[in-house]
Amino acid sequence: MKISKAMKAIAVASLVLAVLLPHADAEQPKKIDFSDETVGADPKSFLGVVGVWRIEAEDNNKVLVVDGRQWKEGQASAGLADKARALYGDRYAEFLDRVQAFAYFPYAVANDVSDFRNGEITIRFKGVSGRIDQAAGILFNLKPNGDYLTVRANPLENNLVLWKFEKGKRSSVKWIRNTPTPSRQWHELKVRIAGSKVEGYLNGKRYLEHELPGPVSGRIGLWSKADSYMYIDDFVVAPTD
């Protein structure tokens, strides 16, 4: 598969999402705690683009899970397959085949935030298992061409990284090491955006600060990697003063 063709496919996929997802402003605080979701089902509040995303229960609490235990490269989400079929009919398989080149990094898009530019995005996460990775990230600046940014934590590596995914290539923007986030414990990850300024927080402490080339604008969501099996809860989007 040539990357250029695959890039065209992911750009089309992102454009499809931009059309299909409802538009809503992120000017008011929003909290998604999954309490009204159905255990065992796909989330209603997020659209899984790559990977396996579903609602599970931890004790009496419902959480969103990204499940990479059966991960293999080239695994697209069932939700994306349905939309590709509706759009391309008999050629949907060809469409998906091209999208699969980017299936190493699962991500899900929040349905109700169409354009996030300034404010805070917070999640709670818990690394359950994963031999290669235990990655929990906040995705933002998702563009119709498939480019995006993410700040992610990783209990296996105890670091915080700002990544960019641009023109089909992932590259690190800034690494922060020695950020303890033990597995099987809940942690809080927050991204604060002010124009082109990005800050990353873990458990209330600011670790990361970076100035982007341009201001942030686009859809937001959740991000992970490879065989990560992660619990995620309390997705909060809030404006800042």
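## A walk from a loop to a sheet

At 57% relative accessibility, R184 counts as exposed; here exposed means over 50% relative accessible area, buried under 20% and partly exposed in between, with a 1.4 Å probe and protein chains only. Welcome to a predicted model, in which local features need pLDDT of at least 70 and side-chain atom pairs count only at pLDDT 80 or more, while totals for chains, interfaces and linings use all residues. Residues are numbered from 1 along each chain as its sequence is written, and side-chain values use heavy atoms, leaving out hydrogens and water.

Stay on R184 for a moment: this residue lies in the loop between β10 and β11 (186–194). Its phi is near 60°, a positive value in a residue other than glycine. Strands (E, at least two residues) are DSSP runs, numbered from the N terminus.

Next, select N158, in the loop between β8 (148–154) and β9 (159–166). N158 is not a glycine either, yet has a positive phi of about 55°. Is N158 buried, partly exposed or exposed? With 30% relative accessibility, N158 counts as partly exposed.

Now show strands β12 (197–202) and β13 (205–211), which run antiparallel and are joined by six bridges; two strands pair if DSSP finds at least two bridges between them. K197 stands opposite E211 in β13. The two strands form a hairpin with two residues between them, and N203 in the turn has a positive phi of about 50°.

Then colour the open sheet of seven strands, ordered β2-β5-β14-β7-β8-β9-β10 with antiparallel pairing. β2 (46–50) and β10 (169–177) each have a single partner strand, so one side of each is left without a neighbour in the sheet. Inside the sheet, β5 (107–110) pairs with β14 (219–223) over three bridges, and Y107 stands opposite W223 in β14.

Finish at E37, in the loop between β1 (30–32) and β2. E37 is buried yet has no salt bridge, a term for a side-chain nitrogen of Lys or Arg within 4 Å of a carboxyl oxygen of Asp or Glu. Which side chain of opposite charge is nearest to E37? That is K44, 4.9 Å away; Lys and Arg count as positive, Asp and Glu as negative, and His and the chain ends are not counted. The side chain of E37 does reach the backbone nitrogen of K44 at 2.7 Å. A polar contact of 2.8 Å also joins the side chains of E37 and S45; such a contact is a pair of N or O atoms within 3.5 Å, where within protein one must be able to donate a hydrogen and the other to accept it, and residues adjacent in sequence count only if both atoms are side-chain atoms.

Technical notes:
Helix = DSSP H or I, 4+ residues; strand = E, 2+ residues; numbered from the N terminus.
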